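Open the model in your viewer and follow the stops below in order. Each one says what to select and what is there.

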Amino acid sequence: MASRKGKVESGTDGSDFSHRERIASHYSESVKLKSRLSKVIYGHLALVAVAALHIFMAYGSVMPLWPWWEVAWLSTALPCLWAITGLPKNKSTPVSVLAWWNVVIGLGACGLGIYSSLAVRDWILASACTVVSFLHLYEATLSKGLTNSWRTRR
């Protein structure tokens, strides 16, 4: 066992331990990406809550009046919740599903939202959908980087 005040081996100045003090890069990258991804997911869930409140306030409880692209975008909360539960255990399946769901459903719904809002010249909604599109891309990029860092190194 090492001792701070014990005998020092002769022929060393104590600086030969630096090779043992490094953490493998994929572990530190995993910690960094997990932290960032969880923050982005919580921001995403907050936006989903705001959007759901907006839809309910604007259209009431009559579901057929709701724009279907907004309802499709609200479904992006499901893989977010699944990925949040999978992050502590390093489960790659929920994080991969989050990435693909964001690209296919999230960006598709945002694209339709931008198109429909520009058709009626609603610039605020178009800019909001653009910002959310960048959120989806960032979330998918973090998810892909995280699953790559979890792969076994050989």
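Begin with the whole chain: of the contacts (heavy atoms within 4.5 Å) with a separation of 6 or more, 72% are between residues 24 or more positions apart. The model is predicted, so local features need pLDDT of at least 70 and side-chain atom pairs count only at pLDDT 80 or more, while totals for chains, interfaces and linings use all residues. Residues are numbered from 1 along each chain as its sequence is written, and side-chain values use heavy atoms, with hydrogens and water left out.

Colour by secondary structure next. The protein has five helices and zero strands; helices are DSSP runs of H or I with at least four residues, strands runs of E with at least two, numbered from the N terminus.

Now colour by burial. Of the 154 residues, 32% are buried, meaning under 20% relative accessible area, with exposed over 50% and partly exposed in between (1.4 Å probe, protein chains only).

Select Val62, in the loop between helix H1 (25-59) and helix H2 (68-74). Val62 counts as partly exposed because its relative accessibility is 43%.

For the last stop, show the largest pocket. A pocket is an open set of points on a 1 Å grid over the protein atoms alone, where a 1.4 Å probe fits, with protein on both sides within 12 Å along at least five of seven lines; lining residues have an atom within 4 Å of a point. Its lining has 15 residues, and Ala51, His54, Trp73, Leu125 and Ala128 lie nearest the centre. At least two lining residues come from each of H1, H2 and helix H5 (123-150).
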